[in-house]
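Here is a short briefing for a reader new to this structure. Look at the sequence and the model first, then read on.

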Amino acid sequence: MGRMKEEFMEMRMQEQEQLITNQNNLKMKKVEEAVMVKETKEETLKRLFLANGLVKEDVHKDPRGFVIIKRSGIDKIVSRQNIQVAYEPVTMTPEWVVLRATASMRTGTGEHDVRNMMSFGEASDSNLMGGAKKFPVAMAEKRAMSRVVLKIAGFYEQGVFGQDELAD
């Protein structure tokens, strides 16, 4: 009986040592991945532009210091990433239109590998110019789409905006 107990205890100790080793290896791997993922803003933007098939004509560098993706670029991102966007009216009055846009995008092959994002688009006489004043719902939709697509695709966190978002 004593020998079996010793063998059992030795086996348990080996299992615990293996578990600790595995946990340490996993921690090291996470640290290595975190170090490897470090990119400059420029590198991240270049990677995102290439991954989404964006070309020079899809992008505008604003003199105020930020990057603007034109409507053609937004449409390419939606297509390349297979992003699904749904809209819901929040406020619809003659003075003010607000739409909520919800987007989803697959991030892997598993059933739970989905990223979801939500944003809003608004339009009123005070933030529309010219002919756009006649179409506040369409402008709110375009702004909501630009924002939610750029957020879900990782551009917003890099300071990139959509052309439809600018009032001037």
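**Briefing: salt bridges, sheet and pockets**

E88 has a relative accessible area of 41%, so E88 counts as partly exposed; buried means under 20%, exposed over 50%, and partly exposed in between, with a 1.4 Å probe and protein chains only. This is a predicted model, where local features need pLDDT of at least 70 and side-chain atom pairs count only at pLDDT 80 or more, while totals for chains, interfaces and linings use all residues. Residues are numbered from 1 along each chain as its sequence is written, and side-chain values use heavy atoms, with hydrogens and water left out.

**Salt bridges**

- The count comes to 8 salt bridges, each a side-chain nitrogen of Lys or Arg within 4 Å of a carboxyl oxygen of Asp or Glu.
- E88 forms a salt bridge with R100, at 3.4 Å from N to O.
- This pair links distant parts of the chain: E88 sits in strand β3 (residues 84-92) and R100 in strand β4 (residues 96-106), 12 residues apart.
- Helices (H or I, at least four residues) and strands (E, at least two) are DSSP runs, numbered from the N terminus.
- R100 is partly exposed, at 23% relative accessibility.
- Salt bridges that share partners join R71, D75, K142 and D164 into one network.
- Within that network, the side chains of D75 and R71 meet at 3.7 Å, N to O.
- Both D75 and R71 lie in helix α3 (residues 71-81), 4 residues apart, about one turn of the helix.
- D75 has a relative accessible area of 37% and is partly exposed.
- R71 is also partly exposed, at 22%.
- Another salt bridge joins D62 and R64, at 2.8 Å from N to O.

- An open sheet of 3 strands has the order β1-β2-β6, with mixed pairing.
- Strands pair if DSSP finds at least two bridges between them.
- β1 (59-61) and β6 (160-162) stand at the edges with a single partner strand each, so one side of each has no neighbour in the sheet.
- Neighbouring strands here are turned by 30 degrees against each other on average, direction ignored; axes are lines fitted to C-alpha atoms, for helices over the stretch in contact, and angles run from 0 to 180 degrees between N-to-C directions.
- β1 and β2 (residues 67-69) run antiparallel and are joined by 3 bridges.
- H60 has I68 in β2 as its bridge partner.

**Pockets**

- Rolling a probe the size of a water molecule over the atoms shows where empty space is left.
- On a 1 Å grid over the protein atoms alone, a cavity is a set of points where a 1.4 Å probe fits but cannot get out; a pocket is an open set with protein on both sides within 12 Å along at least five of seven lines, and lining residues have an atom within 4 Å of a point.
- The largest pocket has a volume of about 230 Å³, where volume is the space filled by probe spheres set on grid points joined across faces, edges and corners.
- Its lining includes K41, F49, K61, F66 and Q158.
- Helix α2 (residues 41-51) gives the largest share of that lining, 5 residues.
- The second largest pocket has a volume of about 170 Å³.
- Of the 11 residues that line the second largest pocket, M139, R143, Q163, D164 and L166 are the closest to its centre.
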